[in-house]
Each structure stands twice: as structure tokens, then as C-alpha cells.
Amino acid sequence: MTPHPKGRMPGDLNHKEMIERMVRVDQAGEYGAVRIYKGQMAVLGKGDKKDLLQHMLEQEEVHLDTFNKIAAQRRVRPTFMTPIWHMAGFALGAGTALLGEKAAMACTVAVEETIDAHYADQIKELGDHEPELRDTFVKFREEELEHRDIGYEHGAKQAPAYGLLTKAIKSGSKVAIWVSERF
């Protein structure tokens, strides 16, 4: 098979399409993260985890605001799945919080580990291109890792059925990423 000009294969995204896909999925992911933390706050927001959850929620809101601005500047349409992520994110946050603080922290760990890998892939894919966007990914990845560490520090691994719970959440997060990139 003869490679496409410039080393691309037929069906590969061009640079503009790749960036649009990255911005779309990251905006959707940060929207979902805000909804997850709002769901957790709805259940646990009056307890001793209030300040911790509020801190993570505020960082996610900054991430979302940043991607909303980038999407507007680059004229990237949001995912068609936003109404679903609106409900699903809140339900995931509230549902895991209803299982207890440790389950909420397990949710945080699972989501943030998935997002860590996602951002790492994007950073690698960008390489030296789009340095401002890459630096945004790097900064936000570091903050997501901070959230993951908070989850571990606050008992995530002691959640009921930790392995099953985190595996299910990671699988769902990966599906959400795939769908949001494309639709």
C-alpha cells in the first residue's frame, strides 16, 4: 500500500481535524467532570469532604471554562452528547457518593486515571506542534493527577467492590471519550 502524502494514510485526520477532535473531547470531558463533582457535592457537600470536593470542582470549572474559550476561538462544535453527559455525570457523582465517601473517592480515582492517560496521549500526539494547547494539556493533566492522589489519600481503595467499581467507571469513561471525539 502506498502511503498518503506527508506520511498520512487514507482516513487519517488532518491537523485541523485532529485539533478539533481534541478540543471537542476535552471540553466534553471537563463538562462531565464538573457534573460528577456537582453530583458528589449534592450528596456529600455538607460533610467533612465539602472543602475537598469544592477545591476539585473549582479546578474542573476552570478547565471547562478554558476549553469553552478554546472551542469558541477555534470554532469547534461541542459534542452532540452534552445532554447525556449532563445527566450521566451528575448521576455518576451522586450515585457513587450515595455509596459513601470512599466510593466517591474511587470514582475520582477511576475518572482521573483515565483522563491522565488521555491527556498523556494527546500531549504525545501534539509533540512540538501547538505549544500553547500542549501546555494547557500538561497543566490540566497535573491537576487531574492531584485529584487522583486526593482520592487515594481519602480511602478510595477501601470503597466497596473497589476493583469492580473502578473498572466499570474507567470503561464508561473510555467509551465517553471515544463517542465525544466523534459525535
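F67 is buried, at 0% relative accessibility, where buried means under 20% relative accessible area, exposed over 50%, and partly exposed in between (1.4 Å probe, protein chains only). F140 is likewise buried, at 4%. The model is a predicted one, in which local features need pLDDT of at least 70 and side-chain atom pairs count only at pLDDT 80 or more, while totals for chains, interfaces and linings use all residues. Residues are numbered from 1 along each chain as its sequence is written, and side-chain values use heavy atoms, with hydrogens and water left out.

The whole structure contains 4 aromatic pairs. Rings of Phe, Tyr and Trp (its six-membered ring) pair if their centres lie within 6.5 Å; planes under 30 degrees apart count as stacked, over 60 as edge-to-face, and the rest as tilted. F67 and F140 make an edge-to-face pair, 5.8 Å centre to centre with 70° between the planes. This pair links distant parts of the chain, since F67 sits in helix α2 (residues 50-74) and F140 in helix α5, 73 residues apart. Helices here are DSSP runs (H or I, at least four residues), as are strands (E, at least two), numbered from the N terminus.

Y119 and F137 form a pair too: their ring centres are 5.7 Å apart and their planes meet at 35°, so the pair is tilted. Because Y119 belongs to helix α4 and F137 to helix α5, the pair ties together parts that are 18 residues apart in sequence. Both Y119 and F137 are buried. Ring pairs join F67, Y119, F137 and F140 into a cluster.

T136 is also part of helix α5, which covers residues 131-153. Its relative accessible area is 15%, so T136 is buried. Leaving aside residues up to four places away in sequence, T136 touches T66 and F67, contact meaning heavy atoms within 4.5 Å.

Helix α4, which holds Y119, has 26 residues and spans 37 Å from its first C-alpha to its last, close to the 38 Å expected at 1.5 Å a residue. The expected span is 1.5 Å times one less than the number of residues. After α4 comes G127, with a positive phi near 55°.

What empty space is left? Rolling a probe the size of a water molecule over the atoms shows it. On a 1 Å grid over the protein atoms alone, a cavity is a set of points where a 1.4 Å probe fits but cannot get out, and a pocket is an open set with protein on both sides within 12 Å along at least five of seven lines; lining residues have an atom within 4 Å of a point. Grid points are joined across faces, edges and corners, and a volume is the space filled by probe spheres set on the points.

There is 1 cavity of 30 Å³ or more. The largest cavity has a volume of about 40 Å³, and its lining consists of A33, I36, Y37, E60, C107, T108, V111 and E112. Helices α1 (15-44) and α4 (101-126) are the elements that give two or more residues to this lining, with the largest share, 4 residues, coming from α4.

The largest pocket has a volume of about 410 Å³. Of its 25 lining residues, G29, G32, I36, S173 and A176 lie nearest its centre. Helix α1 gives the most to the pocket lining, with 8 residues.
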